[in-house]
Each structure stands twice: as structure tokens, then as C-alpha cells.
Protein chains: 2
Amino acid sequence: MAKEITSREENYSQWYTDIVMKAGLAEHSAVRGCMVIKPYGYAIWEKMQAQLDKMFKETGHQNAYFPLFIPKSFFSKEASHVEGFAKECAIVTHYRLKNDPNGKGVIVDEDAKLEEELIVRPTSETIIWNTYRGWIQSYRDLPIKLNQWANVVRWEMRTRLFLRTAEFLWQEGHTAHATKQEAIEEAKTMIQVYSTFVQDYMGVPVTIGTKSEAERFAGAVDTYSIEALMQDGKALQAGTSHFLGQNFAKAFDVKFASKEGALEYVWATSWGVSTRLMGALIMAHSDDNGLVLPPKLAPIQVVFVPIFKGDEELVRISAKVKELKAQLEAKGISVHYDDRDNLKPGFKFAEHELKGVPVRIAIGPKDLEKGTVELARRDTLEKMYVEQSAVAEKVETLLTEIQDNIFQKALKMREEMTTKVETYDEFKQVLTSKGGFILAHWDGTAETEEQIKEETKATIRCIPLAGEQEEGKCIVTGKPSKQRALFAIAY
Amino acid sequence: MAKEITSREENYSQWYTDIVMKAGLAEHSAVRGCMVIKPYGYAIWEKMQAQLDKMFKETGHQNAYFPLFIPKSFFSKEASHVEGFAKECAIVTHYRLKNDPNGKGVIVDEDAKLEEELIVRPTSETIIWNTYRGWIQSYRDLPIKLNQWANVVRWEMRTRLFLRTAEFLWQEGHTAHATKQEAIEEAKTMIQVYSTFVQDYMGVPVTIGTKSEAERFAGAVDTYSIEALMQDGKALQAGTSHFLGQNFAKAFDVKFASKEGALEYVWATSWGVSTRLMGALIMAHSDDNGLVLPPKLAPIQVVFVPIFKGDEELVRISAKVKELKAQLEAKGISVHYDDRDNLKPGFKFAEHELKGVPVRIAIGPKDLEKGTVELARRDTLEKMYVEQSAVAEKVETLLTEIQDNIFQKALKMREEMTTKVETYDEFKQVLTSKGGFILAHWDGTAETEEQIKEETKATIRCIPLAGEQEEGKCIVTGKPSKQRALFAIAY
């Protein structure tokens with residue numbers, strides 16, 4: 001193997017880190033909690049961005065850009081936002097360095113202290129709603145449907161590459177509406193967009209639901225989320241969409257004249273996904289050989305590896321590869337020809353497996369004679385011989401098959417790892433023995449939720465939107481419940 | 001007129017601000033020196049990004065992402081970098097807020113002071129070269145050709161939308177090479193890429209040259225720049241590409257084993273363009289009616305305005321517009337149908353002129369009868385009647401014509417505004433009477449350059465790469481010179 005990876009069984013957490021590092025996706029930087037996203041990892045993120053951006057535009061959104069810094073006082077304006085939102089932020093207090101009089105590099109110039117500290121945005125509701133006040137006078141100015149692609153910072157004590165980092169990349173949508181109903185529709189539309197993206201492009205099945213009050217975004221009236229299940233049986237929140245009511249409009253005094261001439265507060269939503277999706281993508285599909293990528297997001301979908309001795313063979317193989325590569329590219333498939341001359345084919349095979357390239361095509365002198373190639377699919381590690389004349393068509397079909405297979409595999413895993421329980425004992429037993437999603441009746445109170453969390457570490461991931469309405473009794477208090485909540489231990 | 005704009009003659013600076021604000025490109029934010037890029041402005045920036053990104057990838061570059069924060073000590077490592085680079089930066093000193101014990105919002109938690117302050121990146125050479133140390137061992141690891149799209153912060157005292165803001169968006173390329181020659185070639189390739197982009201897409205003619213030592217990037221051995229001329233006769237530096245020698249490799253101890261087995265320092269380049277290009281784009285072409293956009297970067301290339309009385313007419317016109325719109329869109333042209341029913345056509349005309357939409361098509365009941373439309377081009381304000389059957393073809397040709405005309409007009413302006421002078425008196429006289437670019441002989445010393453700058457405010461924009469080699473005498477000292485330098489007062 002090119003680079004040894006810890007197996008999932010041995011140490012799931014190390015397995016994840018190994019893949020991220022050794023597949024060249026990201027690494028830790030010299031700045032605590034901040035990562036470097038390496039070219040291969042960034043290429044995957046770019047594919048995610050491109051597709052999401054397209055879907056946002058198709059649903060009527062435009063991009064804009066708001067400042068990185070937010071005046072400290074803005075955070076106090078929306079009471080529950082400041083209460084509920086983590087106060088771990090990066091705070092800018094000065095604006096100038098000067099030479100150290102002792103000649104030891106540079107020091108902070110104490111004369112250049114800001115009158116009001118600036119917070120590096122952990123999210124942008126406050127600065128955006130402060131801006132919207134100037135943009136909205138009448139119902140004719142509504143709706144405003146904006147998104148921004150940006151970096152945000154939340155000072156995290158314990159970080160993990162992609163899953164939890166101090167700085168991360170994300171998109172945040174912020175919309176303003178004339179009616180409550182329209183804002184709720186928008187929040188629901190966007191959680192559906194996220195669900196479609198994560199399922200159809202990332203190949204990760206998700207459950208859409210609403211958050212309990214305790215798990216809601218600070219300042220939201222309702223939070224919708226999509227929840228995915230990782231191979232270790234832990235849940236991962238993959239995206240959220242918030243109906244913010246009139247909370248931010250009231251905090252920042254954003255009113256509009258309605259058609260009828262009344263002055264009303266504006267209704268709001270916000271929604272976001274981040275580079276955390278990279279973590280979900282990696283953990284959902286990969287195996288002990290490395291990354292497994294869904295073809296729709298793979299920067300390289302097909303890699304050709306020549307099997308050759310000497311230049312003469314390489315020249316003949318390269319000519320054939322050039323021809324096949326052109327056929328594939330004509331179908332919009334991204335192809336790489338790995339003709340490095342200092343590495344053995346076996347090493348290259350392992351490296352492309354590690355990097356999750358969906359299809360590998362090996363071609364040697366015997367293949368030239370027989371008019372075949374050896375084709376290997378990454379998801380099942382299956383190998384097959386294919387006529388050269390059939391390669392383009394075969395690969396095209398195969399990429400669709402792999403995309404589908406990856407999703408079906410993850411779906412099957414999730415189904416096996418989802419358990420309905422009727423008692424608290426059963427709940428605890430399933431949690432320790434098997435993990436995964438647990439569907440259980442809950443009395444709807446924050447107290448019970450808190451008790452379960454404290455005693456088991458499991459939290460309510462969501463109350464599924466498509467959940468069955470059924471009479472039941474809370475597993476802890478026995479009080480009546482009308483729908484099961486989805487519990488899990490989460491990332 | 002929809003929104004009155006100050007004329008260039010009356011107040012050029014106010015004219016610029018009026019266009020930026022009233023065309024909905026950007027506005028000032030609540031944070032000093034930071035702007036909000038509004039959707040229309042951001043849509044132009046996205047078109048710039050997409051084209052540049054394509055050109056970077058075509059020249060073998062990949063994108064990656066490095067941290068927003070840089071440890072303070074990194075800045076002291078490259079001596080001329082810290083000396084020359086402005087020390088006005090945003091400095092993060094704390095990482096937590098807490099509730100004010102007096103109940104007045106939030107305050108900085110003094111217990112959460114960072115051991116080492118973090119600087120919000122003003123540029124990323126230091127953090128990137130600190131990272132490259134871990135990536136480069138052998139010549140086989142080279143070249144590394146990366147780019148990042150990012151926000152950067154330089155604390156500016158006097159800011160102007162797009163032209164000079166505390167936070168701005170940019171791309172920064174950072175490459176590592178095994179040989180000096182290869183690094184120089186890279187720096188030259190990228191300044192050519194910038195030149196091609198600015199001329200062919202933005203329609204702004206530029207002069208490529210090298211910077212004098214005084215104007216060089218801090219830490220660079222050579223800085224190449226492209227210089228453009230604005231309508232007020234001031235120059236604007238539109239992009240730079242630096243050959244950094246081994247300076248950053250030495251500062252961050254980045255060595256590689258050469259083919260011959262020797263341990264050598266790596267050669268570097270960096271290059272960048274920013275949202276400043278938006279400023280150049282606006283100032284280069286716009287007129288007293290508002291923005292003039294080159295078709296290749298216009299978010300909306302064609303706008304249809306219906307001229308109608310009552311619903312029945314609108315329905316008939318809309319049917320025809322739908323048909324023509326589809327024809328244009330089939331050619332890849334972006335079209336907007338402005339069928340707002342609360343605004344008069346005249347108001348809409350003025351608004352689309354203000355926003356620089358290259359082609360406007362008006363269509364009323366008479367046009368329906370005659371089978372024509374009224375077509376107006378933004379660059380010349382010319383109007384013409386066109387057969388409906390010929391619209392798609394006509395518009396396609398016209399967009400190319402407008403793109404070309406805009407460039408030719410700017411080129412002609414630059415030629416008229418470029419003066420060769422032989423004496424310092426002439427230099428000063430041209431500068432005050434006419435402005436623009438001045439080509440003059442200079443003795444190559446920093447002293448003379450400084451004297452000219454102090455006495456006239458003009459700086460050496462560059463020593464043109466394509467400049468004629470001719471013997472001459474420095475206009476100030478009379479010492480010999482072999483080539484004219486390009487002088488101007490600059491933004």
C-alpha cells in the first residue's frame with residue numbers, strides 16, 4: 001500500500017484522520033484550530049459549491065458579500081442570539097503593529113486600540129439585518145433572497161479536520177419576506193434543497209426534521225435540519241435552515257410598508273452548510289483502503305494507469321490512452337492519465353484507491369494485443385475486462401451505477417442502524433450495544449430531553465417531518481406523545 | 001432620470017461614488033472601511049472570478065485554502081516583508097466574550113487572552129511558505145502552483161468603495177519552483193494572464209512593466225504590474241505578479257533535494273488581483289448616465305422593456321418577448337424581461353442605463369404591428385429599429401461590437417493621454433495641465449524617483465516591458481538612461 005491507513009475497527013477516529021491527511025484533503029495549520037484545505041480537498045469542495053450555487057440560483061437567490069467584522073454591540077441586540085450563541089469568537093482589538101523597540105520583531109501598537117472591538121463573524125445575521133434596514137422600505141422591496149460564500153470563525157477548543165474547526169468555509173443564506181407564511185416556505189424550500197444535494201450528489205441519505213427548542217439556532221423560531229448517520233453509528237447534522245420570525249427585524253428595526261400601508265416588521269430566514277459536509281462525505285462512504293467518492297463530486301472520475309516496461313511500450317500505450325481519454329472527455333467525464341515514470345503500477349493503484357477515484361483503467365501491452373483494458377471500480381473494488389471499443393459507454397454507465405450503489409449502501413446501513421425502542425432501558429441498551437439512530441417517544445419537554453442527554457449523551461437530532469403520527473408514551477416519563485423523535489449521539 | 005448622477009466634469013470623485021451606490025454595486029457598512037458588495041456588483045465580480053479561475057486552471061494552477069489568521073511572529077521572519085509591508089492590520093488578541101456584569105450586553109473576557117496575537121491576513125506568503133515547508137522535500141514535489149480566493153484585511157485610514165477598502169476580496173497565487181528561471185517565467189506568465197483578462201474581458205488597455213525598487217512588493221526581487229489609465233488621467237495598478245527569489249524559502253527554511261542530490265532553497269512567486277478591478281472597470285468606461293459594462297462581464301446583457309397600456313397589450317407583447325428571449329438565450333446570451341407594472345418605460349430606460357446593461361430592447365404595440373423592435377446600445381446610446389426576425393443575430397453581433405468599441409475607446413483615450421516629455425519642466429506642466437501617463441527618462445535611482453514623487457505626486461508606475469530601448473537623459477539629473485519609465489499620479 002502507498003500509505004497505510006488505520007482500519008475502522010481498530011480506531012475509527014484515527015481512520016478518519018488518516019484518510020483526510022493521507023488522501024491529501026486537509027491538514028492542521030500553524031494556527032490552533034485552523035486547517036489548510038489542500039488542493040484535492042478543495043477541488044471536491046469546489047464541486048460541492050458549484051452544484052449548491054446552481055441550486056440556490058435556480059430557487060431565485062443571488063450572491064452578495066457582507067463584512068468579515070461585526071461590531072461587538074450588534075451581538076447584544078437580539079437577546080436570545082447573544083444568550084444562546086457561543087461566545088467563543090475571535091476578537092479584534094487593535095489595528096496596528098509596530099517594531100519592537102528591543103529589536104525583536106513586531107509588537108502590538110497599544111496606541112492603535114479600537115474604540116469598539118470587532119468580532120470576526122461566527123455567522124452574519126446581525127450585520128446583514130443591520131444592512132437590510134437601509135434596503136427595505138416597502139413591500140415592493142421584498143422578498144430579498146441573498147446568499148454569501150464566506151469564511152466564519154468560532155473559537156473551538158477541540159477541533160477535528162472538516163468536522164469542527166475554528167475557521168471554516170460555508171455559505172449562509174439570509175432572506176427577508178413580507179409574510180410569515182412566505183418565510184416558513186423559504187426555510188422549508190432550502191432544507192429540501194440541502195436534502196436533494198446531500199442525497200443526490202453526496203450519496204448520503206438524510207432525515208429532514210425540526211429541532212427541539214434546546215437544539216434550535218439562537219434567535220430562531222424554528223430550525224429545520226438534515227441529519228445523516230456515519231459508519232460508526234454517530235449522527236452528523238449536515239445542514240440547517242432557520243425560520244427566524246421577526247426576531248432580527250425587531251432587533252435591528254427593519255420595517256416595511258405593506259400593500260395596505262401598515263408598517264410591519266419583516267420576516268426572516270437563514271440557512272447554511274459548511275465544509276463540515278466534507279467530513280460527512282468522507283465518513284459516510286470510505287473504507288479501510290481510503291476515500292470513496294461519489295462520481296458526481298470526484299475531481300477525477302477516471303484514472304488511466306499504464307503497465308509498461310521501457311519507453312517503446314509506454315509510447316504505444318499512451319497513444320491508445322489518448323484516444324480513450326478523448327472519448328471519455330467528450331462525454332463530460334474528467335480523466336487523469338497517471339504516466340509518472342518513477343512509480344510502480346501497484347503503488348499508483350493504492351494511491352488512487354486512497355484518493356477515492358471512482359474508476360481505474362489499467363492498460364498494458366497484452367491489452368493492446370487483445371484490444372481490452374482492465375477496469376476497476378472503487379466502491380466495490382471489483383475488476384473487469386472491457387473491450388476498448390466499449391470503454392466510453394461502459395464507464396458512463398458505471399459512473400451512474402457507482403453513484404447509485406454508494407447511496408444504496410449508505411441507505412441500507414442507515415436502515416440497519418435505525419431502531420425503534422419503547423422503553424428507556426431498551427434505549428440505553430441499543431445506544432451502548434449498537435448506536436445509530438433511535439426512534440423513541442418523548443414528552444416534548446426540555447427537562448426530559450436534558451435528562452436523556454445527561455444520562456446517555458444522546459440528543460434529539462430532530463423530529464422527522466415525514467415521521468409517522470402515532471400515539472405513544474414518553475420512554476422516560478410515560479407522558480403522552482404523538483410522534484417519535486430521532487435520537488443519536490452526534491458529532 | 002431614475003437617479004441623478006453627478007457629472008464627471010462637476011466632480012469626478014463624486015461621479016464614481018454615485019455610480020457605485022446608485023447602480024447598486026456596493027455601499028459602506030457599519031464597520032469602518034469595510035464595504036457591502038451588493039448583488040449586482042457581486043454578480044459582476046463572479047463573472048470576473050469565473051473567467052480568471054478558468055485561465056488559472058488552464059495555466060496549470062489548482063485552488064486551495066489557507067488560514068485567515070497568521071501568527072504575529074511569522075511577519076518578522078522575512079526581514080524586508082515586515083519592514084516594507086504596512087503594519088496597519090487587524091489584530092486578534094482575545095477569543096471569548098462574556099456577559100457584562102452590569103447587564104449591558106457583552107464585553108471582552110480578559111481571561112481569554114491569546115498567548116500570541118493573530119493577524120488577519122493582509123496577504124498570505126508567510127503562512128503559505130510555512131506550510132510549504134512540510135510539502136516539499138524533493139524536486140519531484142515541485143513545482144507547486146496554487147491559488148486561493150480569499151478575503152484579506154489591510155487597515156486603511158482613507159477608504160473608497162472597491163478602490164481601497166479595509167477588507168477586500170482577491171485571489172492570491174503562490175507558486176514554488178526548483179529553478180530561478182522557472183519562477184521568473186511563472187511570474188511573467190501570470191502578468192500576461194492578467195493583461196489578457198483585463199484587456200479582453202474588462203475592455204481596459206494596460207501597460208505591462210516592472211516596478212522600480214521603491215514600488216516593489218515587500219519581499220519581492222521583481223514585481224511585474226499592469227497599469228491602466230482612468231478617465232480623470234490617474235493611473236490604477238490593476239494587478240501584480242512577483243518574483244520572490246528565495247526570500248520566503250530562506251525565511252521559512254524550505255529546501256528541496258535537487259536531481260543531483262544537492263539541498264537547495266526553493267524559488268517563489270506570488271500574484272494577485274482584487275475587487276479593486278471593479279473600481280477600474282467602473283471608472284474606465286462609465287459616463288454621466290451611469291455604468292457602462294463590457295458585454296463579457298455584464299450579468300444582464302440584454303433587457304427587454306415592454307411599452308404598453310393595459311393588460312391586453314402587455315399579454316401580447318410578453319408573448320413576443322418570450323419568443324425573442326428564448327432565441328437569445330439559445331445563443332448563450334443573458335436576458336432580463338423587465339415587466340414591472342408600477343414603473344414607466346422612461347424610468348426603466350434610465351435605470352438600465354445607470355446599471356450599464358449593454359443592449360436594451362423596447363417593444364410596443366406598434367412594433368408588434370410592424371414586426372420590429374427598438375434596440376438601444378449602452379456604449380454609444382445609439383438607437384435603431386430591427387426586424388424581429390433579425391433580433392437574435394443582430395444582438396449577437398452587436399455584443400461583440402460593443403465589447404470591441406469599449407476597448408477601442410479606452411485605448412484611444414489612453415493614447416491621447418500619454419505624453420513623452422524631455423524635460424522636468426515639461427513633465428510638471430503636462431502633469432498639471434493634462435495628467436495621464438508620462439513617458440520620461442529617469443536615471444534609475446531611488447533618490448530621483450523620491451524627489452519627483454515629493455515635488456509632483458507622480459510615481460513611476462512601471463518600466464514598460466515592451467518599452468523602446470533608446471538613449472536619453474534623466475529629466476531631473478541629466479544622467480544617462482536607456483529606457484523611459486511610465487509616470488503618473490495614481491489611485
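This is a predicted model: local features need pLDDT of at least 70, side-chain atom pairs count only at pLDDT 80 or more; totals for chains, interfaces and linings use all residues.
In this structure, 52 residues of chain B are in contact with 52 residues of chain A, where contact requires that the C-beta atoms of two residues, placed from the backbone, lie within 7 Å. On chain B, the side that touches chain A is made up of 32 nonpolar, 11 polar and nine charged residues. Here Ala, Val, Leu, Ile, Met, Phe, Trp, Tyr, Cys and Pro count as nonpolar, Asp, Glu, Lys and Arg as charged, and the others, Gly among them, as polar.

Residues are numbered from 1 along each chain as its sequence is written, and chains are lettered from A and ligands numbered from 1 in the order in which they are written.

How are the two copies related? A rotation of 180 degrees, with 0.0 Å of shift along its axis, superposes chain B on chain A with an RMSD of 0.0 Å; the copies are thus related as by a two-fold rotation axis. The superposition is by least squares on the C-alpha atoms of residues with pLDDT of at least 70 in both copies. The same surface serves both copies, since 100% of the contact residues of chain B recur in chain A.

Which residue of chain B comes closest to the rotation axis? That residue is B:Val92, with its C-alpha at 2.1 Å. B:Val92 is also the bridge partner, in E5(B), of A:Val92. Strand E5 (residues 91-94) of chain A and strand E5 (residues 91-94) of chain B pair in the antiparallel sense over three bridges. Strands (E, at least two residues) and helices (H or I, at least four) are DSSP runs numbered from the N terminus, and two strands pair if DSSP finds at least two bridges between them.

In the loop between helix H3 (79-84) and E5 of chain A we find A:Lys87. Is A:Lys87 buried or exposed? With 20 C-beta neighbours inside 10 Å, A:Lys87 counts as buried; the class requires 20 or more other C-beta atoms within 10 Å, with exposed meaning 12 or fewer and partly exposed in between, C-beta atoms being placed from the backbone. Leaving aside neighbours within four places in sequence, A:Lys87 is in contact with B:Arg96, B:Leu97, B:Lys98 and B:Val106.

I turn now to a sheet in chain B. Five strands form an open sheet in the order E18-E17-E19-E20-E21, with mixed pairing. Strands E18 (335-337) and E21 (383-387) of chain B each have a single partner strand and stand at the edges, so one side of each is left without a neighbour in the sheet. Strand E20 (residues 372-377) of chain B runs antiparallel to E21(B), to which five bridges join it; among the partners, B:Thr372 is bridged to B:Glu387.

Helix H11 (residues 391-416) of chain B lies across E17, E19, E20 and E21 of that chain, at about 5 degrees to E20(B). Axes are lines fitted to C-alpha atoms, for helices over the stretch in contact, and angles run from 0 to 180 degrees between N-to-C directions. Helix H9 (residues 345-354) of chain B lies across strands E17 (302-306) and E19 (359-363) of chain B, running at about 170 degrees to E17(B).
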